[in-house]
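Here are my notes on the model, point by point. Please keep the sequence and the structure open while you read.

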Amino acid sequence: MRLVLLGAPGSGKGTQAERIVGWLRIAHLSTGHILREAISSGTPIGLSVQAVVESGGLVPDEVVSSIVLERLADPSCQSGYVLDGFPRTIGQAQALDAGLMQMGQELDHVVELVVSPDILIERIVRRADQARAMGIPIRADDNPATFKKRLDAYLAETAPVSDYYRNRGKLRLVDGMQDPDAVAREVLRALGKS
Ligand code: ADP
């Protein structure tokens, strides 16, 4: 199963991706996670993307696309994968298509979690408050001003990616405003797994 999970920041992609990879025993590729790890280990890529990630902007297409395509060739992705946070621009979607064609692969599904902007902002404020209350470090980009920038980047750059897949007959929409279990059940239905 090769799946792309689309959705705005805070839409629940990470939570649902974890469940999906658990059920289907496939790999989870989260570009946000990969980039944050590179930043905290101080790798050359990490250092080059730190400022843009922490300010809520988008990392250049070539950088993210080459990270993802390299990972997709890894044996751990042989039995399938969930892409979470990629593609985020039309350029990345085209790079993914070209890479998949070279590997003789095709995406099985593209699922978008749909959540309204006011609920997204509510969720992100709550996530930061909870982390603060528990003494857990807060993501550098989880504050209302930076979140607004991430949401704007999403609307400008990533919303068109939905149309890209809709036009190819691949897109399935799932209501991401239900509780996580209900969202998970709907995602499974969208994948033809229930
Ligand atoms: P969220 O979906 O909640 O915004 P992510 O963990 O997916 O969080 O991404 C965090 C940040 O990492 C983004 O705001 C962006 O700076 C960077 N990033 C992640 N994936 C990509 C991508 N595909 N293209 C460009 N930048 C990315």
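1. Start with Arg 2 and look across to the next strand. Arg 2 stands opposite Tyr 81 in β3. The model is predicted, so treat each point below as a reading of a prediction. Four bridges join β1 to β3, which covers residues 81-84. These two strands run parallel.

2. Now turn to the partner on the other side, β4. Strand β4 spans residues 109-114 and is joined to β1 by five bridges. This pairing is parallel too. Leu 3 stands opposite His 109, and Val 4 stands opposite Val 110.

3. How many of the six residues of β1 are buried? The answer is five, so the strand, residues 2-7, is mostly covered, given that buried means under 20% relative accessible area.

4. Step back to the whole sheet. Strands of a sheet pair through backbone hydrogen bonds, either parallel or antiparallel. Here five strands form an open sheet, and the pairing is parallel. Read the order as β2-β3-β1-β4-β5. The edges are β2 (27-30) and β5 (171-175), and each of them pairs on one side only. On average, neighbouring strands are turned by 20° against each other, direction ignored.

5. Next, a helix on that sheet. Helix α2 packs on the sheet and touches β2 and β3. The direction of α2 makes about 65° with that of β2.

6. Helix α2, residues 31-41, also meets α3, residues 44-54. Their axes come within 8 Å and cross at roughly 120°. On the α2 side, the contact uses Leu 35, Ala 38 and Ile 39. On the α3 side, the contact uses Gly 46, Val 49, Gln 50, Val 53 and Glu 54. By class, the residues of this contact are five nonpolar, two polar and one charged.

7. Compare the packing of α2 with α4, residues 61-72. The angle is about 105°, and the axes are 11 Å apart. That angle makes α2 roughly perpendicular to α4. Thr 31, Ile 34 and Leu 35 of α2 meet Val 64, Ile 67, Val 68 and Arg 71 of α4. The contact of α2 with α4 holds five nonpolar residues, one polar and one charged. Note Leu 35: this residue takes part in the contact with α3 and in the contact with α4.

8. Check the peptide bond between Phe 86 and Pro 87. This bond is cis, with omega about 0°. Pro 87 is in the loop between β3 and α5 (90-103). Is Pro 87 buried or exposed? Its relative accessible area is 1%, so Pro 87 is buried. Leaving aside neighbours within four places in sequence, Pro 87 is in contact with Val 4, Leu 6, Gln 92, Ala 93, Leu 96, Thr 158, Val 161 and Tyr 165. Pro 87 and Glu 157 are 70 residues apart in sequence, yet their C-alpha atoms are 10.0 Å apart in space.

9. Look at Arg 25 in the loop between α1 (13-24) and β2. Its phi is positive, about 55°, although Arg 25 is not a glycine. Arg 25 has 66% relative accessibility and therefore counts as exposed.

10. End with another loop residue, Asp 141. Asp 141 sits between α6 (117-134) and α7 (144-166). Its relative accessibility is 8%, so Asp 141 counts as buried. Not counting residues up to four places away in sequence, Asp 141 touches Val 53, Glu 54, Thr 146, Phe 147 and Arg 150. Val 53 and Glu 54 also belong to the α3 side of the contact with α2.

Conventions: Residues numbered from 1 in each chain as written. Predicted model: local features only at pLDDT ≥ 70, side-chain atom pairs only at ≥ 80, totals over all residues. Heavy atoms only, no water. Buried < 20%, exposed > 50% of the residue type's maximum accessible area, 1.4 Å probe, protein only. Pairing = 2+ DSSP bridges. Axes fitted to C-alpha atoms, helices over the stretch in contact; angles between N-to-C directions. Contact = heavy atoms within 4.5 Å. Nonpolar A, V, L, I, M, F, W, Y, C, P; charged D, E, K, R; others polar. Parallel < 35°, antiparallel > 145°, perpendicular 65-115°, else oblique.
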